[in-house]
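Thank you all for making time this morning.

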Amino acid sequence: MEGFFLARDIVVIGVSDFPDNLGRLIVRNLMDFGFRGSIHLVGPKGGTCMGHRIRGSVSEIRDPLDLAVVLVPASVVPDVLAECGKKGIRRIIVESAGFRELGEEKIGLELKVKEILRRYRIRMIGPNCLGVVNRGTGLAVSFFPLARDVPLGGISVVSQSGGVGVMAINFLEAENLGLNKFASIGNELDVKESDLLEYLGNDSETGLIYCYLEGISDGRRLMNGAFENRKPIIFHKSNNGEAGSSIARSHSASLSGDDRVVDAALKQCGIIRVKEPGEAIELLKAFSLPAPKGDRLAIIARSGGHAVIAADAAEEYGFRLPPYPDGFFDLLKAKSKANVIRFQNPLDLGDVYDIPLYRTLIEKTMEREDVDGVVLLHSYQGSLDVEESHRLLKSLTELITRYEKPLAVSIFTTKGELDLIRPGLSFPIFNDAREAIRSLARVRDWARHRPVAFSVERPGGADPSGAGAELASSPRGVLPPHKLGAVLEAYGIECIPWERAGTEEEAAAAAERLGYPVVLKTAEPEVIHKSDAGGVCLNIRDHVEFKAAYDRIRRLGPSMLVQKMSAPGLEWLIGGRRDDHFGPVVVAGLGGIYVEIFNEVGIRVGPVGREEAARLVDDCRGARLLAGARGRPPLDRRSLEDVIVRVSWLLSDFPEIRELDLNPVNVSETGCRVLDWRASIGGTTG
């Protein structure tokens, strides 16, 4: 990826000197951003553009070239790429539209492009994109006018949409946040978002990444990159819709629809997902400050109302407001005009009109060891305190740097004053107290979260060869219950004692061996929700009750399971499915009747170890019930976590398992047993 951003010799292909030629705008951006390398132009009509000669073809350029930027009709892109390949250019950006975004009939054109890339070992960004920017070198090859006054900084942007990417650059300029690198990736025919995120994750000039995507090309690779590079990534994923509507009918599949998987996967690897651009900018501002190391916050305001709003927000987002020490406010009391305000945290300075004193108060607050961050809510209006406020605000950068603590500032004044003061500040200005505190809380929580990479240690007792033999001998589609039961037991997942029966005599004998009370249920694969179909009879106490139950269930088919009746416990659901982008996904939550009531599960991409399984359980409200409630003894949480780990490995080892549903799983004081199980294998959803 370095070749795209550090190119020194660039050729722009598709340039003419006609006023409506878009290639001219690429040249204009390179000049406006101060590109210090060499610029070559190619266009069929020749001539000149902005003082540069336009050559008829790439082959006419004698100098070696690092990067080609192509903006020609889509139909001729393959020919242009081949010419670039022969010239030895190995990095190309195709900004031309007219490919897959117009329909599947353009697949043939894209296949031609891919073949040329393979033949000449070319890496390509695009097509249908706005190219890249490196603010540090002046490289800016978009055909769309860009905000050239955006300052140089540590934020890099990757956007599938050119329009959203340009909007992000405009936001950075408006908020005086610094841009480092930008990439618009369009159709991602070759270079994917993960290529760029991995590069930026290792880029010493990039400290913070904002990414906008409408689709994820390789979710697992995205997660691995985030595990390896602990830089903040603000991730806006749109195009969420009804992508999961074609998933099968099992609970674990329907509860882990595509967008819920995206949410869980990003959280698991430490990427912060946002739902709208404004939320992203809010976080980019907060991450440009040092992260708070704890929950202790000091609030300094010039208005009592703003102080109250901030105090409410601090409590809502889990911050504490430590009291100031005795004697701290002696100087303030001497400066108070009417002595009508009680000085405390939050600190209301509305009765103190000595602006230089504010600087002293802020510094003394930031140097305190029991304060992890400061929120300053400063207001001034008209001609009052203007110059003093300017000096105060410009002096705050030094405090942020010296104490390495966040100082989140909101300024309440006129629009003209804000426009005047903002460009001269090296820290962000928040719109209000709630935005500042909410953003600091998300930065704090991100810094605390330590992502755990995918487990590499299969749990003891798991037997992939035994499970594989059972799956290999099974038909595609819904897995027969006796086959799945054997697979689960091969992975050390304990099921309630059970036997398979095909006749009444076999079922009766199994009930005697297991010992009453027993459960009788249909084992016909096509019966999905057994209870709803009348295919389950519980707590059968003797042969007479068994005979009646058998006659009722027999109408669904001859295949049955006889199980030992379970002792009371807490019912959970554990299961998962194969996701096209992230691979094995494991889900867990309260099971039985609570599945429909709460519609709530924890989700992780597997395989997971014990630590991540514990986090998954904590995501569910049912976790509190495991600890015991109202005098009840605690349940065996560790055995529940162990089953989650084993299920995640089973799904990882056997991608042919499309869905797995263990519901209910009975958690007792002394263990965890699966009471009912269902799975589908192969390409069908069952």
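Predicted model: local features only at pLDDT ≥ 70, side-chain atom pairs only at ≥ 80, totals over all residues.

Taken along the principal axes, the C-alpha atoms fill a box of roughly 95 × 80 × 35 Å, and of the 686 residues in the chain, 57% count as buried.

If we look at contacts with a sequence separation of 6 or more, 71% of them are accounted for by residues 24 or more positions apart. As for the surface, the chain exposes about 28600 Å², and carbon and sulfur atoms supply 50% of that area.

Before going into detail, a word on confidence. The mean pLDDT of the chain is 90, with 94% of its residues reaching 70 or more. Among the elements, strand E6, residues 91-94, has the highest mean pLDDT, at 98, whereas helix H8, residues 251-254, has the lowest, at 39. Over residues 243-257 the pLDDT is below 50, although in the model this stretch does have 47 contacts beyond near neighbours in sequence.

Let me now turn to the first of the two places. Seven strands form an open sheet of mixed pairing, and their order is E3-E4-E2-E1-E5-E6-E7. Which strands stand at the edges of this sheet? They are strand E3, residues 48-49, and strand E7, residues 123-125; each has a single partner strand, so one side of each is left without a neighbour in the sheet. For E7, the pairing with E6 is in the parallel sense and extends over three bridges, and within it Arg91 has Arg123 of E7 as its bridge partner.

Strand E21, residues 498-501, pairs with E24 in the antiparallel sense over four bridges, and here Ala501 stands opposite Met560. Strand E22, residues 518-522, also runs antiparallel to E24, the two being joined by five bridges, with Leu520 standing opposite Val562.

That is what I wanted to show, and I am glad to take comments.

How values were computed:
Residues numbered from 1 in each chain as written. Heavy atoms only, no water. Buried < 20%, exposed > 50% of the residue type's maximum accessible area, 1.4 Å probe, protein only. Contact = heavy atoms within 4.5 Å. Areas by Shrake-Rupley, 256 points an atom, 1.4 Å probe, with all protein chains shown as cover. pLDDT = per-residue confidence, 0-100. Pairing = 2+ DSSP bridges.
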